[in-house]
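Please examine the sequence and the three-dimensional model shown here.

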Amino acid sequence: MTPLLSGSLPAATPGLRLSQILSTLSHALDMTEGQPAGHCVRAAFVADRIGAAVGLAGPERRELRYAVLLKDLGCSSNAARLCQLYLADDLGFKRDFKRLGSGLPEVLRFVLEQTGAGADLAGRVRAVGHILRHGGEIARELIETRCTRGASIARRLRFSETVAEGIASLDEHWDGGGKPAGLSGGAIPLFSRIALLSQIVDVFHRFGGPRAALEEARRRSGRWFDPALVAALGESARDGALWDALAGPEALLVPVEDDPAEEVDEPYLDDIAQAFGDIVDAKSPYTGNHCQRVALYADMIGESLALSDETRRRLRRAALLHDIGKLGVSNSILDKPGRLDEREWSLMRRHPVHSRLILTGLPVFAEAAEIGGAHHERLDGRGYPDGIGGPEITPLTRVVTVADIFDALTADRPYRKAMSRADAFAILEADRDTVVDRQAVAALREGIARLERAEADADMLAA
């Protein structure tokens, strides 16, 4: 197995641009918000047109595009809480909420329709009553969680405070009726004002075309939106080129940047993979730090197999991103305490497909796409989603599969408590050559033994 895992990785990836990477990965954020693929890219394009119309310079517009492209970085962090409070499918709830106005009758109707739609009558009555009593506080909590975490991730991704603040205040409204801080008028960062307008424009354009988008923008002007920005939108859309571009290929919406700051080196690529792994882990309390631990276990296997540093780097990135497709699975499924029904299981089995589709968009993540798409396959061909087996499963995929199963067994899940390491290894040993690769299992056992020795040494030092 070891020779097959050898490989080389250049010190940097020539021509790799930040805009390309984040535009591709933003499709995962679209899924988490229940939006069609490319929503964040299209919203960023609309924002750029508005920014040009109000006189923003080139560097400011570049920052604006990233603030809007990454506006949903924190969206996974409130999914479980939303699902718990509203007893609803978080993806459908968020999708429909984007088309909701601010009028009280409309909001009440939405709450009554969405809350507890799949629950029994008693549970629905309790949930609706709780929402009606504490709705404002709940909405503020959910929005603050999302926006604060999104801004924090943007800072980790080396973006400026202007970009982070643009994300943090995304849901503030011009008239002060937004959340979480109730800012109004010019107190709301400009990037936030443009981002909110741009995302609504894309949602209504996809839903009802140019006329619907402009009418909705004007309807909310002076309440949600800065009237000057709505006027700038109208000016930008006057000749129809804006709508033609939004209806065209997504690749044409991503500018080709010449700025040296756009160049991505290997350490920055590691940071991006780490950040998006954290976004995946935030989706469910039962998978907290899952991608991080899978990356750790995969690296331990790589160390035991004496893989090159370059190969281990690729392996860690793939492990961090292997479950990115789970951002497209509702928390009503991810956090369900009982057995999944046939429909739910069918949706769960799609997450490797989502992972592969998202990561395939970039050559630098081609290997990660293959691993993400196949990490639930089995050597005997009885896995999913494609039912491949044996030599069709690549060596690095086999490593991530073992690391993934080991972490799943040794972590709490909604339907059972965590197993001991010994019990987890007993299952892996029983599944050698049918489900998992025996060499990867043996290598993980060596790695865990090293970890346990280090833990014992640390305990002795502490004593």
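Predicted model: local features only at pLDDT ≥ 70, side-chain atom pairs only at ≥ 80, totals over all residues.

**Cavities**

Three cavities of 30 Å³ or more are present in the structure.

| Cavity | Volume | Lining by class |
|---|---|---|
| Largest | about 120 Å³ | eight nonpolar, two polar and two charged residues |

Twelve residues, given as 12 in the count, line the largest cavity, and S23, A44, R65, L69 and P255 lie nearest its centre. Helices α2 (18–32), α3 (39–53) and α4 (58–69) each give two or more residues to this lining.

The lining of the second largest cavity includes V280, D281, K283, H290 and C291, and also D323, K326 and L334. Here the elements that contribute two or more residues are α13 and α14 (290–304).

**Tyrosine 268**

Y268 belongs to helix α13, which spans residues 266–281. With a relative accessible area of 7%, Y268 is buried. Its contacts beyond four places in sequence are L18, L157, R158 and F159. Y268 and L18 are 250 residues apart along the chain, yet their C-alpha atoms are separated by 9.4 Å.

**Cysteines**

The structure contains zero disulfides. For C75, the closest cysteine sulfur is that of C40, and a bond is ruled out because the distance is 7.6 Å. C147 is likewise in no disulfide, as the nearest cysteine sulfur, in C75, is 10 Å away. Both cysteines are buried: C75 has a relative accessible area of 0%, and C147 has 2% relative accessibility.

Technical notes: Residues numbered from 1 in each chain as written. Heavy atoms only, no water. Disulfide = S-S within 2.5 Å. Buried < 20%, exposed > 50% of the residue type's maximum accessible area, 1.4 Å probe, protein only. Helix = DSSP H or I, 4+ residues; strand = E, 2+ residues; numbered from the N terminus. Contact = heavy atoms within 4.5 Å. 1 Å grid on protein atoms, 1.4 Å probe; cavity = no way out; pocket = protein on both sides within 12 Å on 5 of 7 lines; lining within 4 Å. Points joined across faces, edges and corners; volume = space filled by probe spheres on them. Nonpolar A, V, L, I, M, F, W, Y, C, P; charged D, E, K, R; others polar.
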